[in-house]
Amino acid sequence: MCNAGGGRNLSSTPAFTLAEVLVTLGIIGVVSAMTVPALMQNHQRKTYVTQLHKFYNELSQALLQYQTDRNALNLKEAGLNSQEALDAFFKEYFKVINDCGNTQTPCLAPASEYKNIVGRAIGTGCNAYITIADGNSFGYSYSGGAVLFHLYLDTNGQKGPNIAGRDIFAIYVYNNGLIDDGGGANGAPLTKEEREASFNSNCIQSTGSTWFGCFGKILNDNWEMNY
């Protein structure tokens with residue numbers, strides 16, 4: 001059959017040389033090496049914050065329900081006045097799938113594995129440790145003051161990186177039922193300035209023994225991990 005439109009000489013069609021293909025692949029590889037780790041890191045941080053935010057909401061609702069069920073104006077009045085009462089609170093309002101008692105593992109990783117962002121060892125000792133159904137694990141201790149209790153929340157249990165401000169956070173619960181960071185001079189809620197000061201003085205410091213402040217920074221930044 002004749003080709004009414006005329007034939008195309010395929011032998012004259014431009015083609016990439018092997019050298020050009022290799023150069024292109026090399027450029028793609030370099031760009032990927034530069035961007036993929038950052039994208040993965042950003043995704044991981046969003047995962048941590050999502051889990052943290054979910055727990056924050058669950059704990060907020062549980063604390064409010066605890067007060068409502070007892071027709072009380074604050075947590076102490078509702079009966080949250082001892083470590084034993086705190087133990088009962090978590091068992092009543094959360095689905096506990098692992099109760100580690102006063103032993104950190106296996107609910108959390110061994111204490112020696114936890115560091116802050118700059119590599120300083122941090123303390124994770126608490127009076128009790130549990131893992132709940134959504135995979136969050138935490139240790140908690142009753143204090144009894146304006147800060148009624150604090151907890152160390154590890155959003156992925158024993159899995160790494162076990163770094164304060166990444167997957168483990170110090171969270172403080174006040175007698176008025178509010179959840180915030182530590183370091184507030186007048187209870188909760190803390191001011192943005194107080195949270196920022198706690199972050200700079202504790203969360204990212206290479207010296208000292210305290211490591212709170214990471215959670216407050218995330219509250220200040222509208223649930224974004226910008227550090």
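This briefing covers the aromatic rings of the structure and their contacts. The model is predicted: local features need pLDDT of at least 70, side-chain atom pairs count only at pLDDT 80 or more, and totals for chains, interfaces and linings use all residues. Residues are numbered from 1 along each chain as its sequence is written, and side-chain values use heavy atoms, with hydrogens and water left out.

**Ring pairs**

- There are 18 aromatic pairs in the structure; rings of Phe, Tyr and Trp (its six-membered ring) pair if their centres lie within 6.5 Å, and planes under 30 degrees apart count as stacked, over 60 as edge-to-face and the rest as tilted.
- Phe90 and Tyr140 form a tilted pair, because their ring centres are 4.6 Å apart and their planes stand at 45 degrees.
- This pair links distant parts of the chain, 50 residues apart: Phe90 is in helix H3 (residues 83–93) and Tyr140 in strand E3 (residues 137–142).
- Helices (H or I, at least four residues) and strands (E, at least two) are DSSP runs, numbered from the N terminus.
- Phe90 and Tyr140 are both buried, meaning under 20% relative accessible area, where exposed is over 50% and partly exposed lies in between (1.4 Å probe, protein chains only).

**A second tilted pair**

- The ring centres of Tyr152 and Trp211 are 4.8 Å apart and the planes are at 45 degrees, so this pair is tilted.
- Tyr152 lies in strand E4 (residues 147–154) and Trp211 in the loop between helix H4 (192–203) and helix H5 (214–220), so the pair ties together parts 59 residues apart in sequence.
- Tyr152 counts as buried at 12% relative accessibility, and Trp211 is buried at 3%.

**Cluster**

- Ring pairs join Phe90 and Tyr140 into a cluster with other residues, including Phe55, Tyr66 and Phe149.
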